[in-house]
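Visitor: Could you take me through this assembly feature by feature, giving the general idea before each case?

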Amino acid sequence: MLVLSLVLAACSQTAKPPTSSVSPSVAGGEKPAPGGTLTFIVNAEPPSYDGHRETTFALLHPIAPHYSLLYKFDPNDLTKVTPDLAAEMPQASADKLTITVKLRQDVKFHDGTALTSEDVKATYDKIIFPPTGVLSPRAGAYAVVSAVNAPEKYTIEFKLKYPSASFQTNLASPWNFIYSAAKLKGDIKFYEKNVMGTGPFSYDGNTKGQDWKGKKNADYFGKDKDGAKLPYLDAYKALIITDSNAGVTAIRSKQAMIEFRGFTPQQRDDLSRALPNDLAIQENPWICVNYVVPNTQKKPFDDPRVRRALSLAVDRWVGGEALSKTTIVKDVGGLMRPKGPFAQSDTELVKIAGFGKDGKANKDAAKALLAAAGVPNLSFKFLNRNISTPYEPVAVYLINEWKQVGITATHDVKETSPYQADLRAGNFEVALDFNCDFLDEPDLQLAKFWSASKAGKGLNFAYYDDTKLDGMIDAQSRETDPAKRIQLVGAIEKYAMDEMAYQYPVLWWYRIIPYLNTVRGWKIGSNHYTNQDLATVWLAKK
Amino acid sequence: MSGTGSALDSAREAEDVIKRRYLESAGRRRFMRFWRDFVRQRPLGTAGAVLIVIMLLAAAFADIVAPYDPTAINFADLLLPPAPDHLLGTDNFGRDVFSRVLFGSRTALAVGFTASLVGCTLGLVLGVLGAYVGGRTDQIIQRLMDVLLSFPLIVIAIAVVAALGTGEDKLANVIAAITVPIVPRVARVVRSSALSVVQMPYIEATRSVGAGAVRIMFRHVAPNVFAPYLIMLTAFLGQAILLEASLSFLGLGVFEPTPSWGLMLRGAGMQFLERAPWLAIAPGVAISMAVFGFNLFGDSLRDALDPRLRTG
Amino acid sequence: MRRYIFGRLLLMIPTLVGVAILTFVIMRAVPGDIVALRYAGSNVPQEIIDQERHLLGLDKPLWVQFTDWMGSISRLDLGQSLWTGNSVVDEVQVRMPLSIELAVLATLFAVVLAIPLGVIAAVKQDTWVDYAIRVFSIGGLAMPSFWIGIMMVLITLTLWGWAPPVVFTPLFEDPVANLAGLILPAIAVGYRYSAVSMRMTRSTVLEVLREDYVRTARAKGLRETLVVVRHALRNALLPVVTVVSLEFAFLIGGLVVTEQVFNLNGIGKLLVDAVAHRDYTLVQALVLLLAAVFVLVNFIVDMVYVVLDPRIRYS
């Protein structure tokens, strides 16, 4: 067997190196063909079926096609929000405290009942004001809402406590499936174990731990720009495959066409070598990032000099270049996604400690800081979770960088559950944290930076309290002029990552989707949460 | 007893010493003869022994033999194929695979020896204790062993690892996770062998002379069940190394940057299987050869020590 | 005899109670909890975590949780998975057919491989045939099973562009698709387990060949094959049956790594996921179930011994 695999390797090495160029998903002028079944991979099974309740993408991929949202991200331009169940974009009152949304009047649930504003109100009431015993983990994102009203049959109204820059885009949250008021009235937990929406596909059964099936909803309200009825597909089938090697095998043997979260560069190259004529690849910077989080409650990490030294020691530019060859991290960035709408320019970024391009100077500065702080031979335990991609390579890289300035970091790897428990209990010295969001939005990406004993409770694992920073985060959230907001966010980055060096990103993730090129009409975005209703996806005939 | 005459005691002790010396020297001669026969009659076992010796040497002299620091990252040399510079190539961090394999033998031996030694010895103690004392103690031990035996191995492993944590300084926990399942298996076999020893007349005779229970168990019963103990020790040595690889595969074993065969095979080995097969072949061969060696040796040892012994 | 059987059955109870207690204690002692995991990596405030813990009853005192569990077990109610909210019986029902079928296939493969090889090795003791067979079978023990599995998939993929189906098809729905999915894992597991049975067969046959009645048969001038098959093998097989059936009990729920590699939706994967999720009720139920299977198989093996081996008598 060993010999055989050597031979295989020899063969594959002579093959042409794969091109990692991004292939366009929608070839210009091609007319979508209806029909067919899309099979795709999901690497976990959702605990319940209720999007309001869960936080894993593993729920969105198989279940999102059953539902509609008020607004969604435009499948053709994923930076733009477009109406879904809404008939038009929301209207704000003059004082910006009332947001009015007009609904489509031609929408039916899969059970045949018509959708009205009562359904939307019941849905948002459940999300924003959950009754006792009902869990809504994202209720906090709507703290600005004081009431949801349904003044007319097809009109919905959100009353706000103060003007908010992010509220309107939050109406496009991929988790906010619109449910039936009647079903919720019968049993508010109905949707934990049942599926009944207005989306392009209706539920067609599932096998626990194995697959999830949806079939075309003939009554779906959506139409494409030529007026043809959506969805194009007859059906879809999500296969639950936890092991990533098995996932690659499934695509390679054409048992699955696509996986919507992402593969490593290596897996992409293996696939394109094995399927040179059948593979398309899309890549994009991802709104996911690992943070180095020093626990400011533990000595010597209460000293900003030590925290800055930890950041300075890491040469992110060299690391990004090297790690992007083998794992899913790539771009150097601050608190907002590099190349995203709120990102700073590189010229600004390099001024922040640890983001400069002179690695040697940075390391010398780090050594000086450690010496000044009285801990030239700092050693600590570095808490990490036992997920190999990309946590393991990122940690190995960090440990090696720190070693070069005299820091001994011991890799303390735990299963996700005890890892989370340690984070939440403050039971660590320095941790590798992570964050993923569905939107480039400072309110989301800065949520971890609120004071730990106030708004950041359960989110801020660096455990500092800083009213000045709270004030800065609050101010940017109320700023509705985009240009000014970017400036405010830049100031926050300078303060939180450099001056105080509370916690800081390592490298931003990079999303790579290799898939069978028969799949058309799906475009990669900056996250793996949105754009999953599959209404516009179609299969090319070969 | 100590007050009744130290002269008598010391005379007895002297006699004991003489007797032991004689037995030992005879033992040494018998020992040499045993190995001469072993090498001559059992080529497979000898091959196994050679593999084990190679592994021991690799572990002992890893510092000297290894051309590179096994944890030194070098981004300029990512995924290089085997060449004179890097005999077994480099991995996804540019680390030298040959050096990592050499140092990995330390991890493997530490896991293998400690887990099987501690596991088998605990099993030996419990087995002998149960067989000798009998009655309620035996019943309780047996039920406890039944509980451990019927307990899914993976739950024990995950529980120990999760409760105590893993990481580069936590090798002991991985070892503990592998040790626990060994105990009941050994205890069972030892108990059944010990039962027949306990019923022998000379044990009764020793007891009647007034020897203490502990003394009888460890001076007289235990040495007689030493053969199955030794055989299981070598068999579990190999299995412990394999189990560490399986735990690593599930993300519960040794962690980066510690050089470990299981980790190398699971992590980079599986991920870069096609692009850089040397990453999987080197640790894979190392594991297989080590386990192979211990098994071949153990098998032949069993045949040599006791051809009628049945241990699965 | 009847008293013996009854006594043996009674002895299962303390074992199972011990397993129950141990599982309960171990799971609570292991750090991390299901709620923190459910919301891992998302900005979920502490209140939500506390609320959910309350909903799942995880904030009750441990002894209350334990007595509740024991109470429902005594009513033969295994409870609901904390993770999915489905009944444990439902979760197990979906996976059991696959795990049993894989265990049967792997055992069949192991036996078919092990017994002839073991007999040949014994008859040709200490010749190159014996050595080759032993090296082959120890090879099965020496290679990590996930390595064998991944290699097999890689080889079929590269040579024929074929990989086993990633979705399990029940045997009675489509036997071909069913076997296509299980054949590689069955070989990977079976090869490994054949090593144990092969060695057992070899040593018991060796032992029997030295017995007087075999010598007598030989002395009567019977053909060697006849001696081996008719006399030696029949008597040598009993311990082999023991080993094989105990392995079988281990195989259900024990094929964690293999199920992972081949993406098989079996009991082993369910168990590992349940432990990783800290899904207390599901882990407790599964461990108890697997222990019961193991204890029962043990019991049956002992009974078979009593019936088949005339030398063993219980009063």
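Visitor: What are the ipTM and pTM of the model, and where in chain C is confidence lowest and highest?

Guide: pLDDT is the predictor's confidence in each residue, from 0 to 100. Where pLDDT is low, the predicted coordinates should not be read in detail. The model scores ipTM 0.83 and pTM 0.85. Chain C has an average pLDDT of 83, with 95% of the residues at 70 or above; its lowest confidence falls in helix H9 (residues 212–219) of chain C, with a mean of 73, and its highest in helix H5 (residues 88–123) of chain C, at 90.

Visitor: In what order do the five strands of the open sheet in chain A lie?

Guide: Strands are DSSP runs of E with at least two residues, helices are runs of H or I with at least four, and both are numbered from the N terminus; two strands pair if DSSP finds at least two bridges between them. In chain A the order is E14-E13-E15-E12-E16, with mixed pairing. Strand E14 (408–414) and strand E16 (504–516) of chain A are at the edges, each with a single partner strand, so one side of each has no neighbour in the sheet. Strand E13 (residues 379–385) of chain A runs parallel to E14(A), and seven bridges join them; Arg385(A) stands opposite Lys414(A) in E14(A).

Visitor: Which element gives the largest share of the side of chain A that touches chain C?

Guide: Two residues are in contact if their C-beta atoms, placed from the backbone, lie within 7 Å. On that basis 42 residues of chain A meet 46 residues of chain C, and H14(A) provides the largest share of the chain A side, six residues.

Visitor: And how many residues of chain B and of chain C does their contact take?

Guide: This contact takes 36 residues from chain B and 42 residues from chain C, and on the chain B side the largest share, eight residues, comes from H12(B).

Definitions and conventions: Residues are numbered from 1 along each chain as its sequence is written. Chains are lettered from A and ligands numbered from 1 in the order in which they are written. This is a predicted model: local features need pLDDT of at least 70, side-chain atom pairs count only at pLDDT 80 or more; totals for chains, interfaces and linings use all residues.
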